[in-house]
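Please open the model in your viewer and keep the selection panel at hand.

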Amino acid sequence: MKIHILTLFPGMFNGPFSESIIKRAIDRGLVEIAIHNIRDYTSDRHHVVDDYPYGGGQGMVLKPEPLFEAVESIGGQGGVCGESEKGESQIPVILLTPQGRLFDQQAAQELAKYEEIILVCGHYEGVDERVGEHLVTDEISIGDYVLSGGELAAMVVVDALVRQLPGALGSEASVVEDSHWRGLLEYPQYTRPQAFRGWVVPEVLLSGNHAAIARWRREQSLLRTLKRRPDLLERAELTDEERRRLNEHRYADSS
Ligand code: 6GU
């Protein structure tokens, strides 16, 4: 997979991409990450990337020309994602902005299927609306809070994509068992020592009874999700029996 990132602050990406899973995926040739400085795509003497908003108001707005120039030079053509007018398949061009649709595990899975994507980091008070309308194919937000720019959000997206690439993790099982894989939170994990400051590891995990352990973990996932993120249960893959038992818990808790 090849991921292009358009940013005004290329230096921000140095740390996160040179450690851990992402570094290993790059070293193994599973992903190539190309950081492009938006300022390099200006054509004026002062390399201006932003300007005052028409109509007045606070802050500055990112100009459209450098962003179009950058995306087109990379090979993204804008317009509707899928097929271009000429028929060749298009590279998704994704603007990171608090106005975007919420990024979740499902969005991460969909994006990870592409051979090449372009992430555009928004900044200042906003990005000229013509970028959203005519250049990008999608707009993504990573949560309901405002960040100073799209860079940290782009790093979040890259991490979520890269860890899904075959061979990126130590074992494929890690992806399958991850939180949110089937829409539930993960069960509690323990390691040695068996007793720490008087707090002991649940007995079942020491039993060697794999069926009992699997049952306990599933139960813990369900209860934890019910307690912390009940909204996730609507879309989770549950058996009829599990739904019935959860409903019992719900009523037990509300009475
Ligand atoms: Cl993608 N960008 C910014 N600036 N703030 C955000 C965000 C993105 N997602 C959540 N907050």
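Select strand S5 (93-102) first: S5 gives the most to the shell around the ligand, with 3 residues. Strand S8 (138-141) is the other element that gives two or more residues to this shell. Helices (H or I, at least four residues) and strands (E, at least two) are DSSP runs, numbered from the N terminus. The model is a predicted one, in which local features need pLDDT of at least 70 and side-chain atom pairs count only at pLDDT 80 or more, while totals for chains, interfaces and linings use all residues. Residues are numbered from 1 along each chain as its sequence is written, and side-chain values use heavy atoms, with hydrogens and water left out.

**The ligand shell**

Next, display the residues around the ligand: Leu96, Thr97, Pro98, Ile140, Ser141, Ile142, Gly143, Tyr145, Leu147, Gly149 and Ala153. A residue is near a molecule if one of its heavy atoms lies within 4 Å of it. By class, the shell comprises 7 nonpolar, 4 polar and no charged residues. Here Ala, Val, Leu, Ile, Met, Phe, Trp, Tyr, Cys and Pro count as nonpolar, Asp, Glu, Lys and Arg as charged, and the others, Gly among them, as polar.

- Ser141 places a polar side-chain atom 3.3 Å from a nitrogen atom of the ligand.
- Tyr145 has a backbone N or O atom 2.5 Å from a nitrogen atom of the ligand.
- Leu147 has a polar backbone atom 3.0 Å from a nitrogen atom of the ligand.

Taken alone, the ligand exposes 290 Å², and the protein buries 97% of that; accessible areas come from the Shrake-Rupley method with a 1.4 Å probe.

**The pocket**

On a 1 Å grid over the protein atoms alone, a pocket is an open set of points with protein on both sides within 12 Å along at least five of seven lines, a cavity is a set where a 1.4 Å probe fits but cannot get out, and lining residues have an atom within 4 Å of a point.

The volume of the second largest pocket is about 470 Å³, taken as the space filled by probe spheres set on the points, with grid points joined across faces, edges and corners. Its lining has 26 residues, of which Leu96, Thr97, Pro98, Gln99 and Gly126 lie nearest its centre. S5, strand S7 (126-127), helix H4 (129-134) and S8 each supply at least two residues of this lining, and S5 gives the most, with 5. The lining divides into 11 nonpolar, 11 polar and 4 charged residues.

**The cavity**

Select Glu219, Leu222, Leu223, Glu242, Arg245, Leu246 and His249, which line the largest cavity. Helix H7 (210-228) and helix H8 (240-254) each give two or more of these residues, and H8 gives the most, with 4. The cavity holds about 50 Å³ of space, and its lining has 3 nonpolar, 1 polar and 3 charged residues.

**Two backbone details**

Most residues other than glycine have a negative phi, and most peptide bonds are trans. Centre on Arg192 and Pro193, which a cis peptide bond joins, with omega about 5°. Pro193 lies in the loop between helix H6 (172-177) and strand S9 (195-196). Finally, select Ser20, in helix H1 (residues 20-27); phi of Ser20 is positive, near 60°.

Conventions. Polar contact = N/O pair within 3.5 Å; in protein donor to acceptor, adjacent residues only side chain to side chain.
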